[in-house]
Amino acid sequence: RPPLPGLVRAQPHNRCPVLIVLAPARQGLLPERQPIYLAVKGVVFDVTSGKEFYGKGAPYNALAGKDSTRGVAKMSLDPADLTHDTTGLTEEELKSLDDIFNNVYKAKYPIVGYTSRRILNEDGSPNLDFKPEDQPHFSIKDEF
């Protein structure tokens with residue numbers, strides 16, 4: 001079946017299908033049956049099971065539909081912090097980011113893809129250093 005709106009299949013150098021988020025299509029503003037996605041550190045998670053946190057009107061809805069790495073690191077919902085950019089974060093914020101990434105997102109929510117910044121170089125060529133995240137407690141399904 002075709003990919004969900006805002007996503008496209010890609011074949012990185014290792015020929016493993018990867019989804020790339022193209023637009024903020026998962027901001028909790030779509031009908032209830034639609035999945036809710038958010039990205040942290042370029043990894044796209046399906047946080048639909050946490051819709052009470054990330055769904056429309058929920059406290060962390062601002063994080064959904066985009067790479068909110070900086071906001072997660074700073075524990076901030078300020079629109080200026082809802083970006084992938086980690087420039088200028090303190091060591092404490094970077095440690096917090098890693099802790100939340102590993103102990104919340106990777107532990108609770110399945111990975112459904114990667115942002116283009118994670119798998120491509122600035123010139124659009126494949127990032128040969130890209131390695132998918134390990135998430136052995138989730139089974140992989142070919143849904144897309």
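Predicted model: local features only at pLDDT ≥ 70, side-chain atom pairs only at ≥ 80, totals over all residues.
Reader: Is Tyr54 buried or exposed?
Author: Buried means under 20% relative accessible area, exposed over 50%, partly exposed in between (1.4 Å probe, protein chains only). Tyr60 has 38% and is partly exposed. Tyr54 has 5% relative accessibility, so Tyr54 counts as buried.

Reader: What is the angle between the planes of Tyr105 and Tyr109?
Author: Tyr105 and Tyr109 form a tilted aromatic pair, 6.1 Å centre to centre. Tyr105 and Tyr109 are both buried. Their planes are at 35°.

Reader: In what order do the three strands form the open sheet?
Author: Strands (E, at least two residues) and helices (H or I, at least four) are DSSP runs, numbered from the N terminus. Two strands pair if DSSP finds at least two bridges between them. The pairing here is antiparallel, and the order is E3-E4-E5.

Reader: Which strands stand at the edges, and what is the average twist?
Author: Strand E3 (37-40) and strand E5 (111-114) each have a single partner strand, so one side of each has no neighbour in the sheet. For angles, axes are lines fitted to C-alpha atoms, for helices over the stretch in contact; values run from 0 to 180 degrees between N-to-C directions. The edge strands are E3 and E5; the twist from one strand to the next averages 30°.

Reader: Which residue in E4 is the bridge partner of Ala39?
Author: E3 pairs with strand E4 (residues 43-46) over four bridges, in the antiparallel sense. Tyr37 and Ala39 point one way from E3, while Leu38 and Val40 point the other way, and all are buried. The bridge partner of Ala39 is Val44.

Reader: Which residue takes a positive phi in the hairpin of E3 and E4?
Author: The hairpin has two residues between the strands. The phi is near 55°, and the residue is Lys41.

Reader: How far apart are the closest N and O atoms of Arg70 and Asp81?
Author: A salt bridge is a side-chain nitrogen of Lys or Arg within 4 Å of a carboxyl oxygen of Asp or Glu, and Arg70 forms one with Asp81. The pair links distant parts of the chain: Arg70 is in helix H2 (residues 69-74), Asp81 in the loop between H2 and H3, 11 residues apart. Both residues are buried. The closest N and O atoms are separated by 3.6 Å.

Reader: Which helix holds both Lys95 and Asp99?
Author: Their side chains meet in a salt bridge at 3.0 Å, N to O. Lys95 is exposed at 52% relative accessible area, whereas Asp99 is partly exposed at 33%. The two residues are four apart, about one turn of the helix, and both lie in H3.

Reader: How many residues apart in sequence are the parts tied together by Glu133 and Lys106?
Author: The side chains of Glu133 and Lys106 meet in a salt bridge at 2.9 Å, N to O. Glu133 lies in the segment after helix H4 (116-119) and Lys106 in helix H3, so the distance along the sequence is 27 residues.

Reader: Which residues do salt bridges that share partners join into one network?
Author: The structure holds six salt bridges. Those that share partners join Arg70, Lys74 and Asp81.

Reader: Which residue's backbone nitrogen does the side chain of Glu93 reach?
Author: Glu93 lies in helix H3 (residues 91-108). Leaving aside neighbours within four places in sequence, Glu93 is in contact (heavy atoms within 4.5 Å) with Ala73 and Lys74. The side chain of Glu93 reaches, at 2.9 Å, the backbone nitrogen of Thr90.

Definitions and conventions:
Residues numbered from 1 in each chain as written. Heavy atoms only, no water. Polar contact = N/O pair within 3.5 Å; in protein donor to acceptor, adjacent residues only side chain to side chain. Phe/Tyr/Trp six-rings, centres within 6.5 Å; stacked < 30°, edge-to-face > 60°.
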